[in-house]
Amino acid sequence: MNRLLYLLLMILMAGCNNENNSGNNNAASNQKTADPKEKKNILFFGNSLTAGYGLEESSEAFPARIQEKIDSAGLNYRVINAGLSGETTAGGKNRIDWLLDKQKVDVFVLELGANDGLRGLPVTETKRNLQVIFDKVKAKYPEAKLVLLGMEIPPNMGGKYVNDFRAIFRQVADANDAAFVPFLLEGVAGNASLNIKDGIHPTGQGYAIVANNVWRVLKDVL
C-alpha cells in the first residue's frame with residue numbers, strides 16, 4: 001500500500017511540474033509578444049521651413065510627409081518636428097540642449113541657416129554655429145546619424161556672399177560625415193505657384209517636393 005501511495009504522489013508531482021513549466025513558457029511567450037520593438041527617433045531641427053509656416057494643416061509640412069514615407073516603407077522610426085519660425089543658427093545653438101535632454105535622438109536632421117543668410121550675417125558665424133550644434137548632438141548621442149539640409153539665398157545678397165553661403169553647408173556636412181541634401185528647396189524656390197504669398201515658404205504642394213528632396217537622401221540613412 002505504501003508503495004502504491006508513493007507512485008501516485010510521484011505521478012501527481014510530475015503533473016504539477018509540467019503545468020508550471022507550461023505556464024512559465026506561455027508567460028514568456030506572451031511577454032515576448034507584448035514587447036514590440038521600440039521606435040527610433042528622427043529629430044528635425046530647423047526654422048519655419050521645418051515648422052511648416054503658412055500651412056493650414058501640419059500634416060503638409062515636410063517632416064510629416066517624411067513620416068508617411070517611413071510608415072509606407074515599414075520602417076521603425078518616429079519623426080519629431082522641432083521647427084521654430086524665425087530661428088537662426090545662433091538661436092538653434094542655444095535651444096538644442098533642451099531638445100536633446102527631452103528624448104533620445106537616433107537620427108538628427110539639421111535645417112538652419114536661411115535666416116542667417118537673409119539677414120546677411122557673416123558666413124563664418126553661421127558655419128561655426130552649425131558645427132556647435134552638431135558637436136552637441138554627437139556629445140550627447142555619439143551613435144546618432146547626422147543629416148544636413150543645404151540652403152541657398154537670393155542673388156541680390158551679392159555674388160561672393162551667395163557662393164560663400166552655399167559652400168559652408170557642404171563643408172560642415174563633410175567635416176561631420178553627415179548625409180547631405182545640397183538644396184532643400186530645389187524645384188520649389190522661385191516658383192510662385194509652389195510658394196505662399198511671401199514667396200519664401202512653400203505651399204502644401206511645394207512641401208511635397210521638399211519632402212522628396214529630403215527622402216532621396218534620408219532613406220539611405222535609415
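Predicted model: local features only at pLDDT ≥ 70, side-chain atom pairs only at ≥ 80, totals over all residues.

1. Serine 48 counts as buried because its relative accessibility is 8%, where buried means under 20% relative accessible area with a 1.4 Å probe and protein chains only, over 50% being exposed and the range in between partly exposed. The residue sits in helix H2, helices being DSSP runs of H or I with at least four residues and strands being runs of E with at least two, both numbered from the N terminus. Leaving aside neighbours within four places in sequence, serine 48 is in contact (heavy atoms within 4.5 Å) with Tyr53, Leu84, Ser85, Gly86, His201 and Tyr207.

2. Residues are numbered from 1 along each chain as its sequence is written, and side-chain values use heavy atoms, with hydrogens and water left out.

3. Which residues of helix H3 are buried? In H3, which spans residues 62-72, they are Phe62, Pro63, Arg65, Ile66, Gln67 and Ile70. Their cover includes strand E1 (40-46), H2, strand E2 (77-83), strand E4 (145-149) and helix H8 (204-218). Just after H3, glycine 74 adopts a positive phi of about 70°.

4. The largest nonpolar core has 60 residues, and Phe62, Ile66, Phe108 and Leu218 have the most contacts inside it; such a core is a set of buried Ala, Val, Leu, Ile, Met, Phe, Trp, Tyr and Cys residues joined through side-chain atoms within 4.5 Å. Helix H7 (residues 159-175) gives the most to this core, with seven residues. Not counting residues up to four places away in sequence, isoleucine 66 touches Phe44, Val79, Ala211, Val214, Trp215 and Leu218.

5. Six aromatic pairs are found across the whole structure, a pair being rings of Phe, Tyr or Trp (its six-membered ring) with centres within 6.5 Å, called stacked if the planes are under 30 degrees apart, edge-to-face if over 60, and tilted otherwise. Phenylalanine 108 and phenylalanine 134 are edge-to-face, because their ring centres are 6.1 Å apart and their planes stand at 75°. This pair links distant parts of the chain, with phenylalanine 108 in strand E3 (residues 107-111) and phenylalanine 134 in helix H6 (residues 123-140), 26 residues apart; both residues are buried.

6. Tyrosine 161 and phenylalanine 165 form a stacked pair, 6.3 Å centre to centre with 20° between the planes. They are four residues apart in helix H7, so about one helical turn separates them. Tyrosine 161 is buried at a relative accessible area of 17%, and phenylalanine 165 is buried at 0%. Elsewhere, ring pairs link Phe44, Phe62 and Tyr207 into a cluster.

7. The largest pocket is lined by 19 residues, with Leu118, Glu152, Pro154, Leu185 and Ile200 nearest its centre. Helix H2 (48-51) and helix H5 (114-118) are the elements that give two or more residues to this lining, and H5 gives the largest share, three residues. A pocket here is an open set of points on a 1 Å grid over the protein atoms alone, where a 1.4 Å probe fits and protein lies on both sides within 12 Å along at least five of seven lines, and lining residues have an atom within 4 Å of a point.
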